[in-house]
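Have a look while I get going.

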Amino acid sequence: MYTLPDYLHGAYGLTELAGAKIAAQSQNAIVIVGTAPVNTVAGGTQNVNKPIAVQNMTEAKKYFGYSDQWADFTLCEAMHVFFDLNGVGPLVLINVLDPTKHKASQATTTSLTPANGRITIAAAGNIIMDSVSVNGKTKGTDYSMNYSPDRAILTIAEAAPGSLGTEELTVTYDTVDPASVTAEDVIGLTDDEGSNVGLYAIRNVYQATGFIPSYLLAPGFSSIPAVHAAMITASKKINHHWDVYMMTDLPLVDEDENELTMGNAATWKQTNGYTQENETVYFPMAVGTDGKKYHLSVLAAANFQKLLVSQDGIPYKTASNTECEIIQNLYMGESNLGRIWGDDMVNEKLNKNGIASAAYVGGRWAIWGCHSADYNQTEASEVNIAETNRMMLFYLSNDFQHRRMRSVDKPMTKNDIASIVSQEQARLDALVKIGALTYGVVELDADANGISDLVKGDYTFAFRVTTTPLAKSMTAIVAWTNEGFATYFA
């Protein structure tokens, strides 16, 4: 269990299986780490390893650009799913692709002739905008540039009539190399003095955006065991305060180029440590009705975000069994096209072993599976049976700290203590009323608050809560009876 630091100054929270935390609306953020085509954005090199909150696709494109090449630019998948398909936000995005580092070794030089006062360069998605130069011309004075992410076209337009001329011009530019982004770039590092890159940049989310980093994804990278291990480290009590719940993916192909299957996915999951109490693991991927390939973690997170929006950010409803109409079928690689996997197989091979997926149930495709990753049939517990149980514990702890920080370094009278207990109890009662909890009681913890602790100004409030259980299954017993014949013959 996490241990509080020796020196306490602020509001803190701990989660335990036997005793829990608090409640109310708070600013919980879904944080996604990956790569984006910031090379197509003027000044985009400033948006590297920097948490940026975006509310919609317009903001996302402004800071990160956009590309349909999701294998190269993994954050764009999340942008499309959250903003275009579902219309929900916000997201906090952390891009690790650095145009000054992840670029081709040599610049590209081409000769182009202006037509109608402009030069167009097609298939320009990898061009680093800030590196473009036109020989003999000055940007801003002679020309301006515009990149269209929808068509991947870079347009160099004359700033004044005739400023580009009609003669052939030499255009030089650098290009990014997304393939050069490594697992180490995603993992990142910290100097423990405020400089954080990669996954460690999640430490900067609260200060940089005002949002609590509550959920963490890294689609396209979380299936790499080394990245997953770093996610585990990064998600533990961020800044000594925030508890994070992860949504991760298993790979389609392992490190030895062997395909994962319905039959061996659970073994790979166990062997590689995708069994954390604060994560839901997804497998395989999905192919959409639009032909695109989607990570189930992203589809599930977007559906979960829709639920959060409708319930004041309180995570008591799971994304499992929520409709995902973009799904056409599960996707396990090009060699497995045409297969049909029923929900019975998803249940037996995946859900039973703590792996969430998607299934065609109730006449539509839905996210399917709500167990935390430490669940399997032999290690089921009251808590890991549903991801929402731990999400609620984390939410209560994070929310208490966010709200109560302003009470620190103020006089604490007996009336103040009674007021805090009363306010927190009212919040728990409200959660019980809406069905987010079935039980919630708060009190000053007499056992934890010794005289010496109070003299030092350290107060502990004990919260005992029970989350609302989910309906894991429903069974109808249909039996034959002869009783109906009495009515029939009558």
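So, the largest cavity holds about 50 Å³ of space. Keep in mind that this is a predicted model. With the cut-off at 30 Å³ or more, the structure has 1 cavity.

What lines the largest cavity? You've got N28, then S214 and Y215, then D243, V244 and Y245, and finally M391, F394, Y395 and N398. Two elements give two or more residues to that lining, strand 12 (212-217) and helix 9 (387-404). Helix 9 gives the most, with 4 residues. By type, the lining of the largest cavity splits into 6 nonpolar, 3 polar and 1 charged.

Now for something open. The second largest pocket has about 550 Å³ of space in it. Its lining comes to 18 residues, and the ones nearest the centre are N347, N351, W368, K472 and S473. Here the lining residues divide into 9 polar, 6 nonpolar and 3 charged.

On to the packing. As a general point, nonpolar side chains in soluble globular proteins tend to be buried together. In this model, the largest nonpolar core has 102 residues, and M79, F82 and L299 touch the most other members. Helix 7, residues 296-310, gives the most to this core, 8 residues.

Last topic, aromatics. How many aromatic pairs does a search of the whole structure find? The search gives 7. One I'd point you to is Y206 with W242, a tilted pair at 4.7 Å centre to centre, with 55° between the planes. That pair links distant parts of the chain, 36 residues apart: Y206 sits in helix 4 (residues 205-209), while W242 is in the loop between helix 5 (225-234) and strand 13 (245-249). Y206 is partly exposed at 26% relative accessible area, whereas W242 counts as buried at 1%.

Then there's Y360 and W365. Their ring centres are 6.0 Å apart and the planes meet at 70°, so this pair is edge-to-face. Y360 is partly exposed, with a relative accessible area of 47%, and W365 is buried at 12%.

That's my tour, so over to you.

Conventions. Residues are numbered from 1 along each chain as its sequence is written. This is a predicted model: local features need pLDDT of at least 70, side-chain atom pairs count only at pLDDT 80 or more; totals for chains, interfaces and linings use all residues. Side-chain values use heavy atoms; hydrogens and water are left out. On a 1 Å grid over the protein atoms alone, a cavity is a set of points where a 1.4 Å probe fits but cannot get out, and a pocket is an open set with protein on both sides within 12 Å along at least five of seven lines; lining residues have an atom within 4 Å of a point. Grid points are joined across faces, edges and corners, and a volume is the space filled by probe spheres set on the points. Ala, Val, Leu, Ile, Met, Phe, Trp, Tyr, Cys and Pro count as nonpolar, Asp, Glu, Lys and Arg as charged, and the others, Gly among them, as polar. A nonpolar core is a set of buried Ala, Val, Leu, Ile, Met, Phe, Trp, Tyr and Cys residues joined through side-chain atoms within 4.5 Å. Buried means under 20% relative accessible area, exposed over 50%, partly exposed in between (1.4 Å probe, protein chains only). Rings of Phe, Tyr and Trp (its six-membered ring) pair if their centres lie within 6.5 Å; planes under 30 degrees apart count as stacked, over 60 as edge-to-face and the rest as tilted.
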